[in-house]
Each structure stands twice: as C-alpha cells, then as structure tokens.
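Please view the sequence and the model together while reading.

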Amino acid sequence: LRLEVVQDDRLISEDAMRLQFYPKSKPFCCDPHAKVALYDPKGQTAAMLEKAGLPFTPIDSFDELQDKTLLIIGKNALGATPPPFLKRLDASSLVRNGLKILVFEQKQCNVGNLVFERPSQRIAFVRQPDHPAVEGLKNEDFRDWRGGTDTVPEYELSDERSPHYPRSKWKCGNSGIVAGHVIRKPQYGNFTPILDCGFNLMNSPLMELRIGRGLIVFCQLDVTHRYGVDPVATLVVDRLLKWLTTPFISIKSARTVYAGDAKGAQWLDRMGADYAKLNPHKGADALRAIHVLLVGEGGTDVLRGAKGTVPVKERLDAFIRSGGTVFMLPGADLSVLPFDIRTKDEKVFKVTMPKGDPAFKGVSAADLYFRSLKTVPVIVKAPEWAVTTTPAAIGKVDLELGSVLVFNLDPETID
C-alpha cells in the first residue's frame, strides 16, 4: 500500500506499507487410510486437532501403536522422564520401518539428547524453502505472530550465570513470539532444520529427523493455541498434518559401504552413519550391489582388492554413471575419481553454501563460520559443471545418473 501526497505537481510526502493476504482457512482433507495416534496428557493438542478436522485415537501404551501410521506427541506432554511407551518405541523398529512422529511444543525435557532452550524468539528464518511445511512462505511470515504465547513466562530477569552463551536476557511481554522454546541444532545425526533462529542461527524451531523409512518432526513453533488465530501458524499446522498423513513412497534403504582406515570409520561412527565395510578381497568389483560408497584415507588400497589388480577408475566411473554416489571424506585420494579434481591448502574462516542443490539443504552460513582462520583443502580444479561452496571446501560433481561429493572439512580440526 503506497501513499503519495502531491501539491501543484510537487511531491510533499510519501509512505509505503507491505501487506499480505491469506485465504480463509478451511479444514483440510487427510488421507482416509491414515491412522493417527495422539499422546496428549495436557489435552491442548486434542482440541487443536478437532478444530483442524483430523480424526485420531488417544493412546498411552505401546501396544496401541501397532497399526498406526502417525504418532502425534501433544504440547508439553514430555518431561524429565520419558513415558514408558516411548522407551519401548525407541527400542522397537516401528520408526525405522515407516512410522512417522510429529512432536508439538515441548519445554525442557528428556528426548533424544536434544538441548531445549527458551530464548522467546520473535523471528525465524526459512532454511528449506521447498519443504512441504513452509513452501511459498517467506522470512517475513515467521515474525511477530498474532497473539501472545503461553509457553514461556511473560517477564524474566537476566541470569548472568546462565550456562550458555550469549547468556539469558531481560524480557518484558510475550506479544508476537514465534517460538518460546527452541532446540539447539544437533551436531551429529540425520537432522535437517526447516527453520532456524537465534544467536548465530544455532537454534531451530522446526526440524526433521529421518530414521530408515520413518520420520520425526519437531515443531517448536507456538502454533497450538494460535490455530485459527494466526494465518501462518494455522497454515503450517495444516501442511504438517496433510504431509504426514499422506503415505510416503516406500523405498529400500540405501546400501552403503566404506573403504578406508580405522580413523575414517571412527569419524563415520561419530556422525551416526549406517554402513558396512567394503569387501577388501573384491575391492571395487563389489560395488554392483551398492548405492553409496564412502571413501577415506587408505581407501584406494581397499578399492584395488586383495591382489591389487582391480581397475579402480574404470569401476568407479561405471558405478557413478549408473546411479551410485561416492562421498570422499577428508584426506581421501582424489586421483581415483574418473575426472580431474585437485585441491590446495588455503586459509579459510567461513564457507558459504550454494543455493538450489539438495546436497546442501538445511545448512546455513552460520553453521560453517569458524571465526578464526583454518587451513582447509580447497578445490582449485574440477569439471566446469561442479557445484561448490565459496570457497570450495565442499564440491559436488554429477556424472550421468550419479554424483561425487568431495568433503574437505574435518570436524576434528575445528574447535
């Protein structure tokens, strides 16, 4: 909306205000085959789901989950001690075999070794713009939401002894808060932030964790009491429910093998990678039944096989072109790849992600801002169609149906 005040063809004043209009919210149509279970001892989430028009079955035991496709954990349902049925669920294979879980707003609680903080964020940023929950929404949509919040106190005094930098802050009022409690981004595991927020973008109010064929979504956005009140909060809830009640295409898990020394295996184990070791007798000849090849230091010798006669470049070329993925760990021998790619040590203090490539989804510039100079191998020669970070500490090269990812950042060398 723009206003211009003109007198005698002379501009006196002008002003502008950005407006955004949302269509009236309508109850969405979920898949009739979806079987939704709800664990909601506080009852607030049940009221929201009824308003949304989603059929569900209240549960409080593990046995009631056996035929369900989606489990919803209600607002403030978790505490210092996880419910007994969640312990059984964690030990079972239900999630790995396809069960989806949606966790709504929680305060500090004991779940998945995650760190919950309460910074009372009024602003969040879209990290995955093509995600079904936020597609088409902008950063401006995740700020100053309508109505207050009931997840954090309205007034807080600063605690200078708070354990985590940047320490606690003074706070007066709850208006516009998008997320009272947020999750500190995990350093390991298959987590992907959909939104991020906070100091150095170190937190996320909406993220997902993939486990096998299953999925866990953590929604810390203060949406439960805003459903039907704030248009964006309502839209995000509807999209999450529709997405998670729609059957996913069932695919086989990727078969992943590692070729390299014990140091690289320890690195992968710390990251939570699920892999087997490449058959050292067959070497690269064993790649026909594999989807992903991880290569570390010493990997070239393993790929050559027990007799050292396997033509590694030729086998890798066929493997990649037919749809295989090769992930080169820090220190791996790049000369075995079927194209020319070289690195040179350079001083680096930050790495910026390229846009639009799925290999770099969920990673923000703040995640790779080192604050001090680090000596990092940087790609100085690669095929012209390569996609790289800036500077090129990470690079991705597509080759027909497959890809090669060269990853030169060793977490062990970064404080």
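The points below cover the basis of the model, its backbone geometry and a pocket.

This is a predicted model, in which local features need pLDDT of at least 70, side-chain atom pairs count only at pLDDT 80 or more, and totals for chains, interfaces and linings use all residues. Residues are numbered from 1 along each chain as its sequence is written, and side-chain values use heavy atoms, with hydrogens and water left out.

**Backbone geometry**
- Most residues other than glycine have a negative phi, and most peptide bonds are trans.
- Asp9 has a positive phi, near 60°, and Asn76 has a positive phi near 55°.
- Asp9 counts as exposed because its relative accessibility is 79%, whereas Asn76, at 17%, counts as buried; buried means under 20% relative accessible area, exposed over 50%, and partly exposed in between (1.4 Å probe, protein chains only).
- Thr390 and Pro391 are joined by a cis peptide bond with omega about -10°.

**Second largest pocket**
- The second largest pocket holds about 770 Å³ of space.
- Of its 26 lining residues, Arg118, Pro119, Arg167, Ser168 and Lys169 are the closest to its centre.
- A pocket here is an open set of points on a 1 Å grid over the protein atoms alone, where a 1.4 Å probe fits, with protein on both sides within 12 Å along at least five of seven lines; lining residues have an atom within 4 Å of a point.
- The volume is the space filled by probe spheres set on the points, which are joined across faces, edges and corners.
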